[in-house]
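I opened the notebook to record what I looked up, residue by residue and then by domain.

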Amino acid sequence: MTELPVLDKSTPGSSAEWAGVRQRVVEFVENECYPAEKEMKKSDDPRAVMKRLQDKAKATGLWALGHPVEIGGQGMPFMDYVYVNEVIGRSELAMVALGTHTLQDSIMLNLYADPIWKERYLAPLVAGEIHPSFAMTEPNVASSDPTQIETSAVQDGDEWVINGHKWFITGALTAEYCTVMCKTDNDAPPHKAFTMIIVPTDTPGFDIVRDVEVMGEKHNHCEIKLTDVRVPLSNTLGPRGEAFVISQRRLGPGRIFHCMRWLGQAQRAFDLMCNRLLERRAFGERLADKQLMQAHVFEAAADIQANRLLTIDAARKMDMGSDARIEIALVKVAGARMVHNVIDRSIQVHGAKGVSEDTPLENMYRQARFARIYDGPDEVHMQSTARRILREFEKGRGWDFGERDLTAYENSNH
Ligand SMILES: Cc1cc2nc3c(=O)[nH]c(=O)nc-3n(C[C@H](O)[C@H](O)[C@H](O)COP(=O)(O)OP(=O)(O)OC[C@H]3O[C@@H](n4cnc5c(N)ncnc54)[C@H](O)[C@@H]3O)c2cc1C
């Protein structure tokens, strides 16, 4: 495995040893990732551009900050890492450049995979030498309700035989393996009927049908077919029938990191907006002097800060060991709206330039639209959150937000 450099922890600061790291990530994102964004789009060899960024991140001790030390990462504590994600979010290249994109999958491998797969994949995954992918969604069923998933895995001796059709499998074109959610137990209750199975992407019968074009561009969101794919039973990730439990463990902290990255995108759009307002003039004054433009600044500022606090609250509750499902759902939905609306305001302020290739905004806007769909569409989170809260009212307990905060704090080991 590639040797990872030890982080320089001498920087003093609030969260002691980790405080200076966020600023160093800011500098890496601004000085290395921003200029590489355009270069990457125009390059004949985008992988070489990314490799250069990754080498730089490793050399400067910023690689795999949040991965646990025991799997080769730097073990940055959860709350410090939450704030670093906010900065990573500013550039779409930064996750892969800093090696953070494999965090959820490497933790899943470490927790649940057979030793053979840990040995084969874990070290190169954390080192950024290979990529993972995850396949749940199917074109033929509404996958917001994953109990409808049809891809089947049937046991044949000591092998699984997998047949199915998936799509929107991010990264499948370049992934070394795919964790496929399969129906394995037709007679079991719906939430015990599915199993996660590791499928190396070079297994016969694992075919990429197409890189689906989304909003005019290809981003490695693939449609795949699995036809009589045979893999050993030891490829099962975690216990048979536990796919729902495993995917929840994967998604929980992942959603917090998503939300912090959306805040990073919003911050970048906000900065661009304010600078543009100050430099552009119309009808005899700066755009910044017009009240209708000032409203964009106010609304965006309020939206960003409200969502930061909502996200940090969810992260703190999670860190304190609370069941933060409600808080995570609140911020997943509110955060996806926020990032979309802040980028939209920034585009409006920029006029035609805002939808051109001369700012990163048009690309950011496209990405923001996806946020309301992936990791569960808004409506699913709204439904489950409202139901949970209403159940408390049915039981006569109500839902006291303040008391919930105090209880989370009281129950922690503060
Ligand atoms: C950019 C991007 C990347 C993705 N990456 C991956 C990946 O790597 N792996 C993977 O497996 N999947 C991935 N997905 C797919 C994503 O997880 C699914 O699109 C999502 O779960 C919704 O499933 P669906 O598309 O089948 O929508 P459907 O289930 O058909 O839902 C359609 C719409 O119905 C509405 N709806 C659904 N449920 C309810 C409800 N309970 N109440 C009211 N309205 C409701 C919502 O508006 C929803 O958008 C990705 C999607 C995008 C956009």
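**Entry 1: Val342**

I began with Val342, which I found in helix α9 (residues 325–350), where helices are DSSP runs of H or I of at least four residues and strands are runs of E of at least two, numbered from the N terminus. This is a predicted model, in which local features need pLDDT of at least 70 and side-chain atom pairs count only at pLDDT 80 or more, while totals for chains, interfaces and linings use all residues. Residues are numbered from 1 along each chain as its sequence is written.

Is Val342 buried or exposed? I noted Val342 as buried because 28 other C-beta atoms lie within 10 Å; the term requires 20 or more such atoms within 10 Å, whereas 12 or fewer means exposed and anything in between partly exposed, with C-beta atoms placed from the backbone. Leaving aside neighbours within four places in sequence, I listed Ala266, Ala269, Phe270, Ala300, Asp303 and Ile304 as the contacts of Val342, a contact being two C-beta atoms, placed from the backbone, within 7 Å.

**Entry 2: confidence**

I looked up pLDDT, the predictor's confidence in each residue from 0 to 100, and found that the protein chain averages 93, with 96% of the residues scoring at least 70. Over residues 1–14 pLDDT stays under 50, and the model has 24 contacts beyond four places in sequence for that stretch. Where pLDDT is low, the predicted coordinates should not be read in detail.

**Entry 3: the core**

Which residues have the most contacts inside the largest nonpolar core? I found Ile197 and Val199, in a core of 100 residues, defined as buried Ala, Val, Leu, Ile, Met, Phe, Trp, Tyr and Cys residues joined through C-beta atoms within 7 Å. Helix α7 (residues 243–279) gives the largest share of this core, 14 residues.

**Entry 4: domains and ligand**

I took the domain bounds, which come from an automatic or database domain assignment, as domain 1 (16–126), domain 2 (134–241) and domain 3 (245–411).

Around the ligand I counted 19 residues, of which Met136, Ala142, Ser144, Thr170 and Glu379 come nearest; a residue is near if its C-beta atom, placed from the backbone, lies within 6 Å. That shell draws at least three residues from each of domain 2 and domain 3.
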